[in-house]
Amino acid sequence: MNVLDDKGILLCGNLVVDLVKSIDHYPNEGNLGVIGEIVISTGGMVNNNSVNLRVLDPTLRVGAFGKVGEDEYGQFILERLTEYGVNVQGVLKDSDVKTSFTDVFTVAATGVRTFFHHYGANAVWGPKDIDWDTVSGGYDWVQLGYLLLLNTMD
């Protein structure tokens, strides 16, 4: 049995898709920049921490709470978390908003990154969306992260 007993940890907060784009240089405003490789991955506290915890301890019970859009990015997030054995029952799908994403432009030669973020579903996720019975009765530990990127929760 792990240190958290059998209840585990619940991670609540932002769920993001990162679109990491390699560029040869960052252009001045109004000029052209060329994108090379594009990598799509998950990002944000809930995605990163829940997957990391499951990799470190595959027996640990890990749950995720947050909101995604009913779109391909939301599905991508849910599939990735499920692949790692994270309970996604607390991740709500909202057809009125897009899943949060970040365009990450990385200059290939220097590794310098510039971020453009779309709040999306994270902006409308708030206290009314949380199943408080699950939080209080189902987990030993709860982490709420990236509060400043959760407009309604903030």
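This is a predicted model: local features need pLDDT of at least 70, side-chain atom pairs count only at pLDDT 80 or more; totals for chains, interfaces and linings use all residues.
The residues of helix 1 that are buried are Met45, Val46, Asn47, Ser50, Val51 and Arg54. Helix 1 comprises the 12 residues 45-56, which at 1.5 Å a residue should span 16 Å, and the C-alpha atoms at its ends do lie 16 Å apart, in agreement with that expectation. Helix 1 lies across strand 1, strand 4 and strand 8, and runs at about 160 degrees to strand 1.

An open sheet is formed by four strands in the order 5-4-1-8, with parallel pairing. Strand 5 (87-94) and strand 8 are the edge strands, each of them pairing on one side only. From one strand to the next, the twist averages 15 degrees. Strand 1 and strand 4 run parallel and are joined by four bridges; Leu11 has Ala64 in strand 4 as its bridge partner.

Elsewhere in the chain, Thr106 belongs to strand 6 (residues 101-107). Thr106 counts as buried because its relative accessibility is 16%, the cut-off for buried being under 20%. Leaving aside residues up to four places away in sequence, Thr106 touches Val20, Lys21, Ser22, Ile23, Gly111, Val112 and Arg113.

| Separation of Thr106 and Asp154 | Value |
|---|---|
| In sequence | 48 residues |
| In space, C-alpha to C-alpha | 29 Å |

Note on methods: Residues are numbered from 1 along each chain as its sequence is written. Side-chain values use heavy atoms; hydrogens and water are left out. Helices (H or I, at least four residues) and strands (E, at least two) are DSSP runs, numbered from the N terminus. The expected span of a helix is 1.5 Å times one less than its number of residues. Buried means under 20% relative accessible area, exposed over 50%, partly exposed in between (1.4 Å probe, protein chains only). Contact means heavy atoms within 4.5 Å. Two strands pair if DSSP finds at least two bridges between them. Axes are lines fitted to C-alpha atoms, for helices over the stretch in contact, and angles run from 0 to 180 degrees between N-to-C directions.
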